[in-house]
Amino acid sequence: MTVRTTRRVFISAATMMAAAIAATACGSPQDTANGGGDSAAPVKVGLVYSQSGALASYGKQYIEGFRAGLDFATNGTNKVGDRAIEITEVDDAGDPAKAVSAAKDLIGKGNKIIAGSTASGVALQVAPIAAQNKVLFISGPAATDAVTGANKYTFRSGRQSYQDVVTAKSFIGDPAGKKVVVFAQDGAFGDANEAAVKAVIGGAGASVSAVRAPASATEFTPFASQIKSAKPDLLFVAWAGTTAPAMWQTLDQQGVLTSTTVVTGLDIRASWPTFGAAGSKISFLSHYFDGASDTEAAKAAKAKVPGGTLDLFHPDGFAAAQMVVRAAAEGGDDVDKMVTALEGWSFESVKGTMTIRAEDHALLQPMYQASLTGSGDAFTATAQKALTGDETAPPVQAMKG
């Protein structure tokens, strides 16, 4: 387990923060935190996320976004009032056991705020630790719906799977009477996507069936034929792994992409070349991509993120930092006051207006329909439509703890 402690003061190019905080936080983070606590002691925040492992690229974007968001939310001071924000970063490598161990260690060292969780399995293990120890937990890119409503101390700074599927549904308008096919690999990932489409799109009146392929499959013509014969109004593709280029090529060659609306999620920019020639024929649901929004926060993030190009999970880190500053500014060292300060809070972030629903801590946020033009490494994403936070809001969940 790699631990890196950072005490940074970031220099900001964002000069509009005072107005933004006045509008959204009812007071600047430069004011003395009103929740009590030692005004000289640092605000200790533990970030537990994937610095290594399968989701390291997601974790890299998260931490870059967090640093940019912290700079933005504190107007470049890295302070809340007179209190420095002390960040301790821990690599969980996507392993829930490592994440739980790290969270417990950080809590034992006085960290009242834990954030991160690149992987869903990690988030689901850390959330109960937060409740047991009454510390604030802000999950990151982990998309599992189960984080929403997990307990009163658990929040999220990214989107959840339901919001992805609702965005997919938007491509066919009223689903009543429509035929939808899910194409996915056998296994838990495919199971989860099939279940989500049946619940969200099927629940709205569509007829949903599935075509499943073994994870080891390398020949996709039989599956393409099966899909084409079904004549769906919408094909929802949920795929992961190295066989993706061959799968997309086959769907393209067999005419599937021109016979129906094909929707899949737009992953990080590095994955775009895997679509090959099929890329321009696919409709994408998107959490975020560079250029999807033109907010002041997006401009500030682009100015701070290495390379100046935003990607899928930069907004999650950015929003997490804004939530940390809000919690510390309003709650001081009182975690229950931090929770109250976040519940129902609306703020302007990279994607636009974000609202933390008080009932279950769902993060209502814009989602996007997108398309790709060009090819390979030269693909460019364009937003076709932005759905509002209300349009993609998941059902309210009963708070479990």
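**Exercise 1. Describe how helix α11 passes helix α12 in this predicted model.**

Step 1. Start with the handedness. α11 passes α12 in a right-handed crossing. A crossing is right-handed if the near helix is turned clockwise from the far one by less than a right angle, and left-handed if anticlockwise.

Step 2. The axes of α11 (residues 314-331) and α12 (residues 335-342) cross at roughly 125 degrees and come within 8 Å. Axes are lines fitted to C-alpha atoms over the stretch in contact, and angles run from 0 to 180 degrees between N-to-C directions. Helices are DSSP runs of H or I with at least four residues, strands are E runs of at least two, and both are numbered from the N terminus.

Step 3. Name the arrangement. α11 is therefore oblique to α12. Angles under 35 degrees are roughly parallel, over 145 roughly antiparallel, 65 to 115 roughly perpendicular, and the rest oblique.

Step 4. List the contact (heavy atoms within 4.5 Å). α11 brings M323, R326, A327, E330 and G331, and α12 brings K337, M338, A341 and L342. By class, five are nonpolar, one is polar and three are charged. Ala, Val, Leu, Ile, Met, Phe, Trp, Tyr, Cys and Pro count as nonpolar, Asp, Glu, Lys and Arg as charged, and the others, Gly among them, as polar.

Residues are numbered from 1 along each chain as its sequence is written. Local features need pLDDT of at least 70, side-chain atom pairs count only at pLDDT 80 or more, totals for chains, interfaces and linings use all residues, and side-chain values use heavy atoms, without hydrogens and water.

**Exercise 2. Classify the packing of α3 against α4.**

Step 1. The axes of α3 (residues 96-108) and α4 come within 8 Å and cross at roughly 25 degrees. So α3 is roughly parallel to α4.

Step 2. The crossing of α3 and α4 is right-handed.

Step 3. From α3, P96, A99, V100, A103, K104 and I107 meet G121, V122, Q125, V126, I129 and N133 of α4. Eight of these contact residues are nonpolar, three polar and one charged.
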